[in-house]
Amino acid sequence: MKNFKYYLSFLFILVLMGCNAKQDDLSVEVYETSANGNKLKKITEFTSGNDAVTIQLLPDNQYQTITGFGGSFTEASAYLLNNLSKKNRELILEAYFGSEGAKYSLTRTHINSCDFSLSNYSYAPVEGDMALKNFSIEEDRDDIIPMIKEAMAISEDGFKILSSPWTAPPWMKDNKQWCGGKLLPEYYDTWALFFSKYISAYKNEGIDIWGLTVENEPLGNNSNWESMHYSPEEMVEFVSKHLGPKLENDGLDVKILGYDQNRDELEEWADIMYKDEESAKYFDGMAIHWYASTYDFMPETLQNTYKKAPNKLMIQTEACVDSEIPHWQDDAWYWSKEATDWGWDWAPEEQKHLHPKYVPVYRYARDIIGCMNNNVQGWIDWNMVLDKQGGPNWFQNWCVAPVIVDIETDEVYFTPLYQTMAHFSKYIRPGAVRIGFEISDKDLMMTAAQNLDGSIAVVVLNMNKEAKQLKLELEGKETTFKIDAQAIQTIIINTDWIN
């Protein structure tokens with residue numbers, strides 16, 4: 001009997017200890033992608049150790065609301081999907097849009113052709129057709145439209161589509177060419193009508209366009225592929241007096257984003273676009289690209305632009321490993337500092353320092369985290385699928401996509417960039433709000449957001465050659481675990497226990 005009493009007392013102490021542990025321990029799910037081969041692997045072994053990096057989450061400190069993350073529907077990607085087996089086509093679209101995949105929520109597509117088209121084309125090819133009686137999206141019916149529709153059928157939560165023109169039809173431009181030149185003022189109303197017809201035509205296909213950018217890269221691309229130049233004053237003129245009123249009169253509720261080029265000239269454009277109420281009226285925000293540097297996400301520029309118009313959007317609309325041919329089935333390359341971009345060869349001498357060699361995975365993760373931490377609401381990758389050459393691209397402007405395919409052998413390669421994107425898109429959902437944090441080791445990069453269901457997603461990037469011990473703290477609870485060397489982690493925290 002005496003032994004039994006001792007046993008009950010001991011059991012009671014154990015229960016108390018268990019209760020205390022439960023009070024102190026923070027329950028999390030951890031997913032890791034790393035240079036050692038982890039690919040969105042769920043971490044189940046939690047270790048504790050000394051010298052842990054402390055991360056304190058501050059959910060009461062709230063910032064921008066997240067619009068989404070995703071990639072782009074291009075003719076190149078759609079063409080490649082059309083030339084794969086049904087099994088592999090479905091595999092890729094499920095991987096991007098399925099509930100078990102990356103769950104892309106914000107996407108982009110091109111209006112008329114772009115460099116990642118098979119050829120030059122316009123929906124309004126008839127010269128002088130100012131009423132656009134011959135307008136037709138027929139060119140998209142065998143590739144881009146089916147790709148979007150199949151993605152829509154797969155996606156449980158749906159996704160937003162942002163559409164961008166690379167150029168107006170040549171007959172509307174001063175140089176009558178696909179590349180370079182400006183829109184002639186006498187065609188401003190016709191070009192505004194073009195946007196309206198495009199949105200309506202896609203709506204008739206069952207596809208809603210969420211937003212538009214006025215022009216992809218209005219500063220041009222040295223007339224290498226489809227382009228059309230605007231000054232910021234010219235874009236404000238076109239939007240405030242033609243495009244905005246036209247869409248409003250036609251009852252088309254879409255977002256209009258200005259600029260749509262590299263961040264290094266973003267502030268100058270914001271000064272003109274947001275100069276006064278009249279100029280800013282129809283602009284819902286700014287579209288930005290990352291090509292000004294391979295490592296600098298330009299936080300000061302992003303912060304200054306946000307302060308000029310805190311009620312407007314900033315959406316990253318294009319990013320890719322450019323000027324590279326994909327490294328087929330070579331995961332290690334994506335974790336190595338071997339990639340170069342256009343600036344490695346072509347940047348002016350005073351800008352060369354902005355374009356050193358870089359690690360592709362780090363560039364993606366660093367930029368997305370940097371954008372999130374500096375008030376950017378959405379981040380869109382470029383092509384979803386490319387071939388082993390980095391195309392098809394009519395100008396041979398080769399690039400890398402997260403998914404590379406060989407249509408000759410019907411093979412698919414998910415590069416580490418796919419998992420990198422999924423660390424954000426799968427776990428930080430539209431409507432999430434970025435929250436504050438404090439981290440004790442500045443060698444690590446991180447961001448955090450609270451989803452609409454209350455869960456908190458934390459993304460941590462470790463670019464160091466050694467693993468790090470992490471101690472995550474929230475509302476008096478904590479947990480300790482390890483992040484591998486050269487790794488990205490997403491940590492999901494259920495917050496139902498918080499009053």
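Trainee: Is Met 273 buried or exposed, and what is the relative accessible area behind that assignment?
Mentor: This is a predicted model, in which local features need pLDDT of at least 70, side-chain atom pairs count only at pLDDT 80 or more, and totals for chains, interfaces and linings use all residues. Residues are numbered from 1 along each chain as its sequence is written, and side-chain values use heavy atoms, with hydrogens and water left out. Buried means under 20% relative accessible area, exposed over 50% and partly exposed in between, with a 1.4 Å probe and protein chains only. Met 273 is therefore buried, its relative accessible area being 0%.

Trainee: Which helix holds Met 273?
Mentor: Helices (H or I, at least four residues) and strands (E, at least two) are DSSP runs, numbered from the N terminus. The run that includes Met 273 covers residues 266–273 and is helix H7.

Trainee: Why is strand S22 described as largely enclosed by the rest of the structure?
Mentor: In a regular strand the side chains alternate between the two faces of the sheet. In S22, Ala 487, Gln 489, Ile 491 and Ile 493 are buried on one side, and Ile 488, Thr 490 and Ile 492 are buried on the other. Strand S22 is largely enclosed because the buried residues number seven of the seven.

Trainee: Which residue of S22 is the bridge partner of Val 30?
Mentor: Two strands pair if DSSP finds at least two bridges between them. Strand S1 (residues 28–34) runs antiparallel to S22 and is joined to it by seven bridges. Within S22, Val 30 has as its bridge partner Ile 491.
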